Amino acid sequence: MVKNLLLIKVKLGLKGTSEGFFLTITELIIRSPKTEKEWEQYFHFRWGMLRKPLGMSKNEGKDGIEQQSFHQMVTDKKKNIIGVGRVHFNNREQAQIRYMAVKESKQRAGIGTIIVHKLEEYSSKQKRKEVVLNSRENSKKFYMSLGYEELGPFVSETGIPHVKMRKTL
C-alpha cells in the first residue's frame with residue numbers, strides 16, 4: 001500500500017537588496033481519496049478541469065474502471081484539491097495514466113510531476129513494465145520531460161487532439 005505523503009516545498013530567495021532572505025513553506029499532501037466526500041470532491045475537481053470546459057456533463061467525467069484504478073490527489077494545507085491523476089492496468093505488463101489535472105494557478109510548481117511519479121511507483125510495484133498515456137498537445141512537453149516518448153496521434157472521445165506516449169519503467 002502506498003502511504004500518504006507529506007511534501008514540504010521550500011523556496012528561498014532575496015526580497016529586495018537590503019531586506020535579506022525570506023522563506024516560503026507550502027505543505028502538500030498526496031494520497032488517494034478516502035471518504036465519500038473526498039471522492040465527490042475528487043471527481044468534481046477532475047470533471048471541472050477536464051470535461052466541464054468542453055461542455056461535457058458530469059456523467060461523461062468517469063469511465064467503467066474507476067473502482068479498479070489507483071487514484072491520487074494533491075491537497076494544500078487547507079485540504080483544497082490542487083491536482084489529480086489516475087492509473088489503471090491494460091494488461092500484466094502495461095499501465096495507463098489518465099485524467100491528469102492540476103489547478104491552473106498551481107501548474108509549473110512540480111505538482112503534476114509528483115502525481116506522475118506516484119502513479120509510476122505504484123505501477124512498478126505492481127510489476128508493470130511500461131506506462132502509456134494520451135497527452136493533450138499542450139501537455140506533451142511536460143511528459144517528455146519525465147521520460148515519455150511520443151508514439152503518434154490519438155483520437156480522443158473529447159475531440160481534442162492527443163498524442164499517444166510511452167515510458168519504460
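Predicted model: local features only at pLDDT ≥ 70, side-chain atom pairs only at ≥ 80, totals over all residues.
A salt bridge pairs a side-chain nitrogen of Lys or Arg with a carboxyl oxygen of Asp or Glu within 4 Å.

**Figure 1. E38 and R31 form a salt bridge.** The closest N and O atoms of E38 and R31 are 2.4 Å apart. Both residues are buried. Side chains of opposite charge can pair when their charged atoms come close. A search of the whole structure finds 12 salt bridges.

**Figure 2. R86 meets D63 across distant parts of the chain.** Their side chains form a salt bridge, with 2.9 Å from N to O. R86 sits in strand β4. D63 lies in the loop between α1 (36-50) and β3. The two are 23 residues apart. R86 counts as buried because its relative accessibility is 0%. D63 has 22% relative accessibility, so it counts as partly exposed.

**Figure 3. E137 pairs with K140.** This salt bridge spans 3.9 Å, N to O.

**Figure 4. Five residues share one salt-bridge network.** The members are R46, D63, E66, R86 and R98. Salt bridges with shared partners join them.

**Figure 5. The largest nonpolar core has 21 residues.** I97 and Y148 have the most contacts inside this core. Several elements give two or more residues to the core. Among them are the strands β2 (21-31), β5 (94-102) and β8 (161-168), and the helix α2 (111-125). In soluble globular proteins, nonpolar side chains tend to be buried together.

**Figure 6. I97 and its contacts.** Neighbours within four places in sequence are left aside here. What does I97 touch beyond them? I97 is in contact with R86, V87, V116, L119, V131, V132, L133 and Y148. A second, separate core has 9 residues, including F45, L50, M73 and Y99.

Figure 7. The protein averages a pLDDT of 87. A score of at least 70 is reached by 85% of the residues. Over residues 9-18, pLDDT stays under 50. For this stretch the model has 22 contacts beyond four places in sequence.

Conventions: Residues numbered from 1 in each chain as written. Heavy atoms only, no water. Core = buried A, V, L, I, M, F, W, Y, C linked by side-chain atoms within 4.5 Å. Buried < 20%, exposed > 50% of the residue type's maximum accessible area, 1.4 Å probe, protein only. Helix = DSSP H or I, 4+ residues; strand = E, 2+ residues; numbered from the N terminus. Contact = heavy atoms within 4.5 Å. pLDDT = per-residue confidence, 0-100.
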